Protein chains: 2
Amino acid sequence: MRPELLDRVLALLPQESGRPELRHFSEMLRDYPRRGGKGVRSELLLASARTHGLRPGSAGWEGALWLAAALELFQNWVLIHDDIEDDSEERRGRPALHRLHGVPLAINVGDALHVYMWEAVHRAGVPGGMEEFLAMIHRTAEGQHLDLTWVQHREWNLTEADYLEMVRLKTAHYTVVVPLRLGARAAGVTPDDRFTPAGLALGAAFQIRDDVLNLRGDPHLYGKEIGGDLLEGKRTLIVLHWLAQAPGEQRRVFLEQMGRDRAEKDPAAIADIHRWLLESGSVGYAQDYADAQAREGLGLLEEALADAPDQDAARELLSQMRELATREA
Amino acid sequence: MRPELLDRVLALLPQESGRPELRHFSEMLRDYPRRGGKGVRSELLLASARTHGLRPGSAGWEGALWLAAALELFQNWVLIHDDIEDDSEERRGRPALHRLHGVPLAINVGDALHVYMWEAVHRAGVPGGMEEFLAMIHRTAEGQHLDLTWVQHREWNLTEADYLEMVRLKTAHYTVVVPLRLGARAAGVTPDDRFTPAGLALGAAFQIRDDVLNLRGDPHLYGKEIGGDLLEGKRTLIVLHWLAQAPGEQRRVFLEQMGRDRAEKDPAAIADIHRWLLESGSVGYAQDYADAQAREGLGLLEEALADAPDQDAARELLSQMRELATREA
């Protein structure tokens, strides 16, 4: 995230206390924010605020910055809990928080960061801002429940529609729909209804693009482990499309591997599956699907912003969105 | 909690959805609230609101009820996460949520319930209510961090002052200080400064009484496993007082057992320790300490409420507080 936002987040968190245990707590709260996420969602929110006529440095801009800080705090507490739920090994190039300090302390730090998120929302003082965050997290938690339930029950008998519903709930609301809406709220404008279908399509494109990069991205640019989704048993459009038409033997090997916990998976079999996926048409199918969703979303967004007060900012916002849906990293 | 509050909580949570996974999510959200906690904190808040002149059924009473519902939601999401952090087996006579559905789903349900808590705070619309909740949870999370850190590092080299700091942060704010303050806020009154020292003393008395009951309570009345704190390796005033003067051999057995995970503890050795504690003067010492804290807290609270508008309600509130600090269950 941009340095002024990181400073704002860090200034909100408790300062060092005299007690060593509470100094340690304060350090744990700062760990994920300091690891340097890209700040995609806060940038989108700020671009939306400008598009709606809010000028950087104006009186209302402080509210937009606090909402942007709150979105980054959301992302960070959710990642701490997600990493426990998926038992991920790494986050942004370092061990996940629970691998450094154990699950109990990490759950509690995620909860505390969650509360600081509400503190930032409250400081923003933007009418309607709190309602946007409430709705956003309700949807995200529902999507997370779908995803986790499927993993727990080894559920692969899923359609494209199932996958899309999960991704819209889990990713699209907090990545696109709500940042667009919060930018409008910060500018004192009622969000355009078209932000929802536009954001759902663009959010799906963003996630499917991520799934594609996870299989065939450039390891130096992508920053996460290539093939990591297979090891974690993630449902993706690519895998679901491939499963529906895979040769029986490949399907059998896949389901057998996905029935195992991460540590028990056979690296050679996972490498085979990775190759089968790349050789199938399913990666291309998913990329085409993402491109179509991105076009649809961008079209709707362009319409919605046609009369926005700041057309230069609108063009920047559209170009940020296009970049997100077609990125290499 | 009283039936009208439970109804309010359940009505706030999402209704059944068409998708089976989301129906399951909605059931998980309702599980802990339905298990029937005593509603100690919400009753205290409502008694404080009446004492400050707010009449049940008046326009402002709705705000008090939403804050009370939010306190109960707080208690429930915190218990879900606490039970994971302590790896507790049971909660209110049934298996803990993560033992029924696994850790990942239970963390996510706790997070979702946390968000519904903020929804209830928001609906209350009581000026200052949000700030009270923010401060309350910051302190609770800090206290939880102390407690969890000591467990993780097998830290027993602790003083009475360490224990009191932990209990004030972790228990006293959300059990007494903030319910008293929220009642005043609901009535549109600035909370009396004496609520803080009064609530810290009464909250400590409440927790120490709980620690005593955990060792020598009536199993039918108490509702939790007698001796459970020893199995979970909880720091209590009783144990710290006893440790400071225990015979070397008993101390050695104790520290050896506390160095083990719950499942590895030797039941016979735990039974010995339980007996040593009961035979030592430390349970009596802790009960005397709790009584002194309760007297101090009640004295301060009585002073603070001397000019409150509804003196009948003030007497009820003081009697509720007295009951809490001297209860048998």
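This section describes the interface between chain A and chain B in a predicted model.

The two chains are related by symmetry. Chain A is superposed on chain B by a rotation of 180° with 0.0 Å of shift along the axis, at an RMSD of 0.0 Å. This is the relation of a two-fold axis. The same surface serves both copies, as 100% of the contact residues of chain A recur in chain B.

The contact comprises 40 residues from chain A and 40 residues from chain B. Between them, the chains bury about 4000 Å², of which 65% lies on carbon and sulfur atoms. On the side of chain A, the greatest losses of area to chain B fall on R19(A), V115(A) and H145(A), which together account for 15% of what that side buries.

Polar interactions also occur across the interface. A total of 21 residue pairs are in polar contact between chain A and chain B, both residues being at pLDDT 80 or more. Four salt bridges are found across the interface of chain A and chain B. D162(A) takes part in a salt bridge with R19(B), in which the closest N and O atoms are 2.9 Å apart.

With regard to secondary structure, the elements of chain A that give two or more residues to the side touching chain B are helix 2 (20-34), helix 4 (61-85), helix 6 (103-124), helix 7 (129-152) and helix 8 (160-186). Helix 7 of chain A gives the most to this side, with 14 residues. By residue class, the side of chain A that touches chain B divides into 20 nonpolar, 11 polar and nine charged residues.

Definitions and conventions:
Residues are numbered from 1 along each chain as its sequence is written. Chains are lettered from A and ligands numbered from 1 in the order in which they are written. This is a predicted model: local features need pLDDT of at least 70, side-chain atom pairs count only at pLDDT 80 or more; totals for chains, interfaces and linings use all residues. Side-chain values use heavy atoms; hydrogens and water are left out. Contact means heavy atoms within 4.5 Å. Buried area is the accessible area (1.4 Å probe) that two parts lose on being put together, summed over both. A salt bridge is a side-chain nitrogen of Lys or Arg within 4 Å of a carboxyl oxygen of Asp or Glu. A polar contact is a pair of N or O atoms within 3.5 Å; within protein, one must be able to donate a hydrogen and the other to accept it, and residues adjacent in sequence count only if both atoms are side-chain atoms. Helices (H or I, at least four residues) and strands (E, at least two) are DSSP runs, numbered from the N terminus. Ala, Val, Leu, Ile, Met, Phe, Trp, Tyr, Cys and Pro count as nonpolar, Asp, Glu, Lys and Arg as charged, and the others, Gly among them, as polar. Copies are superposed by least squares on the C-alpha atoms of residues with pLDDT of at least 70 in both.
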